[in-house]
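Hi,

Here is the structure I promised to pass on.

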Amino acid sequence: MCLAVPGKVLETYREADLLMGKIDFSGVAKRACLEFVPQVKVGEYVIVHAGFALSAIDEAEAMRIFDYLRQMKELDEL
C-alpha cells in the first residue's frame with residue numbers, strides 16, 4: 001500500500017534547476033520536489049508521496065488527514 005501524507009512547507013529553494021522544499025511532517029523535516037506544485041508558498045500544505053509534492057491542500061484538509069492518521073494508529077493499538 002502506498003500512502004501520501006500532508007506536510008507544511010517550511011522553505012523553498014532551487015536544486016539542480018528543480019523547485020524543492022523543506023517540508024514538516026509533524027515535527028520531522030524532509031525535503032521534497034515541488035515541481036508539480038510551483039505555486040505553493042511557505043506556510044502552505046502539500047500532499048507528498050515518494051519525495052514529490054503531488055498537490056497543494058488547505059490547512060483544514062491537512063488537519064482532517066492528520067486526525068484520520070491518528071485514528072488509524074489508535075485502531076492498530078486495539
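**What sits in the middle**

Let's start with the largest nonpolar core, which has 11 residues: Val 9, Leu 19, Ile 23, Phe 25, Ala 32, Leu 34, Val 37, Val 40, Val 46, Val 48 and Ala 53. A nonpolar core here is a set of buried Ala, Val, Leu, Ile, Met, Phe, Trp, Tyr and Cys residues joined through side-chain atoms within 4.5 Å. Buried means under 20% relative accessible area, exposed means over 50%, and partly exposed is in between (1.4 Å probe, protein chains only). Two or more residues of this core come from each of strand 2 (18–25) and strand 4 (45–49). Strand 2 gives the largest share, three residues. There is also a second, separate core of five residues, including Tyr 45, Ile 47, Ala 62 and Phe 66.

Before you go further, keep in mind that this is a predicted model: local features need pLDDT of at least 70 and side-chain atom pairs count only at pLDDT 80 or more, while totals for chains, interfaces and linings use all residues. Residues are numbered from 1 along each chain as its sequence is written, and side-chain values use heavy atoms, with hydrogens and water left out.

**The overall layout**

Helices (H or I, at least four residues) and strands (E, at least two) are DSSP runs, numbered from the N terminus. The C-alpha trace spans about 45 × 25 × 20 Å along its principal axes. Of the 78 residues in the chain, 27% are buried.

**Strand 4 and its neighbours**

Why is strand 4 described as largely enclosed by the rest of the structure? Because four of its five residues are buried. Strand 4 pairs with strand 1 (residues 5–15) in the antiparallel sense, over four bridges. To count as a pair, two strands need at least two bridges found by DSSP. In this pairing, Val 5 stands opposite Val 48 of strand 4.

Strand 4 is also joined to strand 5 by five bridges, and these two run antiparallel. They form a hairpin with two residues between them, and Ala 50 in the turn has a positive phi of about 55 degrees. His 49 has Phe 52 in strand 5 as its bridge partner.

Is Val 48 buried or exposed? Val 48 is buried, with a relative accessible area of 8%. Leaving out residues up to four places away in sequence, Val 48 touches Leu 3, Ala 4, Val 5, Phe 25, Ala 32 and Ala 53. Contact means heavy atoms within 4.5 Å. Val 48 and Ile 23 are 25 residues apart along the chain, and their C-alpha atoms are separated by 9.0 Å.

The accessible surface of the chain comes to about 5,400 Å², and 56% of it belongs to carbon and sulfur atoms. Accessible areas come from the Shrake-Rupley method with a 1.4 Å probe; for residues, only the protein chains shown count as cover.

Leu 54, found in strand 5 (residues 52–57), is partly exposed, with a relative accessible area of 45%.

Cheers
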